[in-house]
Amino acid sequence: MQTPPLTPWRMLKGLSMIIAPLLLGASTFFWHKGEYGITGGTVIVLSMIFWIPAFGALFQLLKNELPYYASFGYLVAIFGCISGANFGIAGVFSEAFGISHQIYLTKAAFHALAFNILLFWSGPLFPLSLLVLGILLAVKKVLPIWVGILICLGAIVFPLSRIPRIEIIAHIADILLAIPLIFTGVGYLSGVLIHASSRAAIK
């Protein structure tokens, strides 16, 4: 099968699958006592910008076999990315304005509905989207099975590191996500993915 030409849109999504996990992994190195801070928070926001087209590329690979999930699941994933960016912005503001973690939690409890919608309820949508994607990409054999397995493992380890803010576990989660995403991004850019339906989906 002839590989499709590299369009600007496909270039954006392919590069995003490479840049997004690398920026996410870089942000972990800027944690300070479990807080994102100004630098780490900024890098997370930049990461989430690239995660949106990266998710779009992954969901597009399933559009032929699971059109409804590929559409509405993508919307859920975008919400998770926005929540992730909100956590980064909260880290920036907390350090910039000298807001302690206790004050942050107290004010969050006072404005519970807004904080839950923007952060605490929507936050899990990011790893959950990755988990479901990893399972379906492996089951449908759109990508090599090991890619789906690593995405699933990264999605499971992600909250186990971010909730208690354990740096070593966060690095492991970042690596587990980076390997399959970068592999897929390179395949997306080249137009040569293993499964025939994948090559058709990225046109």
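**Salt bridges and the pockets**

Modeller: Glu 65 forms a salt bridge with Lys 140, and their closest N and O atoms are 4.0 Å apart. Glu 65 lies in the loop between α2 and α3, and Lys 140 in the loop between α6 and α7, so the pair ties together parts 75 residues apart in sequence. A salt bridge here is a side-chain nitrogen of Lys or Arg within 4 Å of a carboxyl oxygen of Asp or Glu. This is a predicted model, in which local features need pLDDT of at least 70 and side-chain atom pairs 80 or more, while totals for chains, interfaces and linings use all residues. Residues are numbered from 1 along each chain as its sequence is written, and side-chain values use heavy atoms, without hydrogens or water.

Glu 65 is partly exposed, at 40% relative accessibility. Lys 140 is partly exposed too, at 30%. (Buried is under 20% relative accessible area, exposed is over 50%, and partly exposed is in between, with a 1.4 Å probe and protein chains only.)

The search of the whole structure finds 2 salt bridges. Arg 162 pairs with Asp 174, with the closest N and O atoms 2.9 Å apart. Arg 162 sits in helix α7 and Asp 174 in helix α8 (residues 167-190), so this pair ties together parts 12 residues apart in sequence. Both Arg 162 and Asp 174 are buried. (Helices are DSSP runs of H or I, at least four residues, numbered from the N terminus.)

Arg 162 leads on to the largest pocket. Its lining has 32 residues, and Tyr 36, Phe 87, Arg 162, Ile 163 and Arg 165 lie nearest the centre. About 840 Å³ of space lies in this pocket. (A pocket is an open set of points on a 1 Å grid where a 1.4 Å probe fits, with protein on both sides within 12 Å along at least five of seven lines; lining residues have an atom within 4 Å of a point.)

Helix α3 gives the most, with 6 residues. By class, the lining has 18 nonpolar, 10 polar and 4 charged residues.

The second largest pocket holds about 250 Å³ of space. It is lined by 13 residues, with Ala 90, Phe 93, Tyr 104, Phe 115 and Leu 119 nearest its centre. Here α3 gives the most to the lining, with 5 residues.

Technical notes
Points joined across faces, edges and corners; volume = space filled by probe spheres on them. Helix = DSSP H or I, 4+ residues; strand = E, 2+ residues; numbered from the N terminus. Nonpolar A, V, L, I, M, F, W, Y, C, P; charged D, E, K, R; others polar.
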